[in-house]
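Here are my notes on the structure below. Please read them with the model open.

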Amino acid sequence: MGKIFVDACFGKETPYTPVWMMRQAGRYLPEYMAVRAKAGNFLNLCHNPAQACEVTLQPVDIVGVDAAILFSDILVIPDEMGMDLSFIKGEGPKFSDPITCDADIDRLLGGDEAASKLTYVFDTIKLIKEQLSEDKALIGFTGAPWTLATYMIEGQGTKTYNVCKKMMYSNPELLHKILAKVTEVVKLYMEKQIQAGIDVVQIFDSWAAAIETEKYDEFSWKYMVEIADYLKSKYPHVPIIMFPKGIPAFLDKVYGNFDVFGVDWSTPMALAKEKLGSKYVLQGNMEPCRLYSKEATTQAVEEIQEVMGGKRHIFNLGHGILPDVPVENAKHFIRECHRVSGK
Ligand code: CP3
């Protein structure tokens with residue numbers, strides 16, 4: 001059986017519009033919380049293929065999405081390059097040794113040396129593929145080099161990005177050196193994810209909006225395109241989704257060899273369609289907080305369907321689902337996407 005999600009990524013006609021949710025395997029599901037409690041903490045869960053596989057499949061079984069997304073985190077990449085990652089309860093991710101100079105980046109593992117250490121991810125993918133129903137796709141993912149670099153330089157999440165932007169304007173050579181090294185690791189890491197069995201690639205540039213539009217290509221987009229070019233030259237049958245969050249002013253300048261453009265919730269779907277809809281399939285983009293209200297959800301799904309008309313479209317949220325969303329409302333979103341598009 002073919003996979004409707006993969007067909008939709010390539011812009012083929014499908015019987016209905018497929019849907020998934022960013023962060024669909026996560027804390028809003030009591031079943032996820034139970035497995036995480038057994039694992040002890042979030043990183044243990046990422047490192048345990050059987051448990052990571054179990055939580056990957058939960059939203060497929062419980063919520064009814066059309067694609068699974070590998071359960072892992074973007075930050076396992078710098079962790080395996082040799083930075084010391086921890087998740088502190090209530091505070092999010094932390095690196096104890098952020099990059100401040102050339103020697104700091106030279107010390108880290110690069111290329112295949114780093115990518116080969118992510119064996120627990122490839123083992124998880126193989127397990128998922130044994131258990132995921134044939135008609136559903138498995139999405140693998142990476143962070144964009146820029147989004148990864150923000151954590152590697154700041155040492156944690158940031159509201160102002162002042163440490164990495166200080167580097168951007170006062171020592172751009174060092175920032176490019178970091179971005180280039182991460183790009184090489186990501187290319188090989190995603191290639192290994194494909195060899196392990198993922199059906200689709202998504203590149204998350206969650207912190208794209210931190211960069212001024214004039215500098216976005218130089219410090220982020222071109223590295224994402226380089227990764228896409230590398231993968232497309234070897235694996236043209238694997239669709240690539242680019243998700244740069246919050247860059248409506250860059251839509252006119254978007255270029256590259258990929259299949260799906262992920263539209264975040266701050267960008268009107270009609271604008272994305274006008275600028276990019278003929279070149280790329282569009283994914284998105286309901287404001288995730290609408291999930292708190294079934295009425296607000298139905299209204300948005302109908303509006304998005306009206307704009308996209310069931311063509312060259314994949315339903316999704318415009319960013320990740322939040323931990324306090326009722327499971328019933330997430331199911332409602334999936335049902336409504338299927339209803340309006342004819343399932
Ligand atoms: O379901 C899925 O989408 C797959 C799993 C997934 C996670 N992280 C699991 C996770 C994916 C695709 C990611 C990507 C990720 N991780 C991104 C890019 C996507 C985005 O949302 O923009 C970023 C920026 C990160 C870094 C990261 N990981 C942060 C900032 C945090 C803490 C935030 C929080 O919600 O506490 C994480 C932890 C994390 N990654 C959790 C999950 C389910 C929460 C961990 C837990 O408490 O169980």
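1. Arg23 first. Arg23 sits in the loop between α1 (4-9) and α2 (30-39). Helices here are DSSP runs of H or I with at least four residues, strands are runs of E with at least two, and both are numbered from the N terminus. This is a predicted model, in which local features need pLDDT of at least 70 and side-chain atom pairs count only at pLDDT 80 or more, while totals for chains, interfaces and linings use all residues. Residues are numbered from 1 along each chain as its sequence is written, and side-chain values use heavy atoms, with hydrogens and water left out.

2. Is Arg23 buried or exposed? Arg23 counts as exposed, because its relative accessibility is 58%. The cut-offs are under 20% relative accessible area for buried and over 50% for exposed, with partly exposed in between (1.4 Å probe, protein chains only). The phi of Arg23 is near 60°, a positive value in a residue other than glycine. Most residues other than glycine have a negative phi, and most peptide bonds are trans.

3. A polar backbone atom of Arg23 is 2.7 Å from an oxygen atom of the ligand. Of the 880 Å² of accessible area that the ligand has on its own, the protein covers 88%. Accessible areas come from the Shrake-Rupley method with a 1.4 Å probe; for residues, only the protein chains shown count as cover.

4. Which residues of the shell are closest to the ligand? They are Arg27, Tyr32, Arg36, Asp73 and Ser206, out of 23 residues that surround the ligand. A residue is near a molecule if one of its heavy atoms lies within 4 Å of it. The shell divides into 15 nonpolar, 4 polar and 4 charged residues. In this scheme Ala, Val, Leu, Ile, Met, Phe, Trp, Tyr, Cys and Pro count as nonpolar, Asp, Glu, Lys and Arg as charged, and the others, Gly among them, as polar.

5. Arg312 is not a glycine, yet its phi is about 45°. Arg312 is found in the loop between α14 and β9 (313-314). Arg312 is partly exposed, because its relative accessible area is 32%.

6. The bond that joins Gly284 and Asn285 is cis, with omega about -5°. Asn285 is found in the loop between β8 (281-283) and α14 (294-308).

7. Gln283 belongs to strand β8. Gln283 is buried, because its relative accessible area is 2%. The side chains of Gln283 and Gln202 are joined by a polar contact of 3.2 Å. A polar contact is a pair of N or O atoms within 3.5 Å; within protein, one must be able to donate a hydrogen and the other to accept it, and residues adjacent in sequence count only if both atoms are side-chain atoms.

8. Two further buried positions. Ile240 lies in strand β6 (residues 240-244) and is buried, with a relative accessible area of 1%. Ile240 and Phe10 are 230 residues apart in sequence and 9.4 Å apart in space, C-alpha to C-alpha. Val225 lies in helix α12 (residues 213-234) and counts as buried, because its relative accessibility is 7%.
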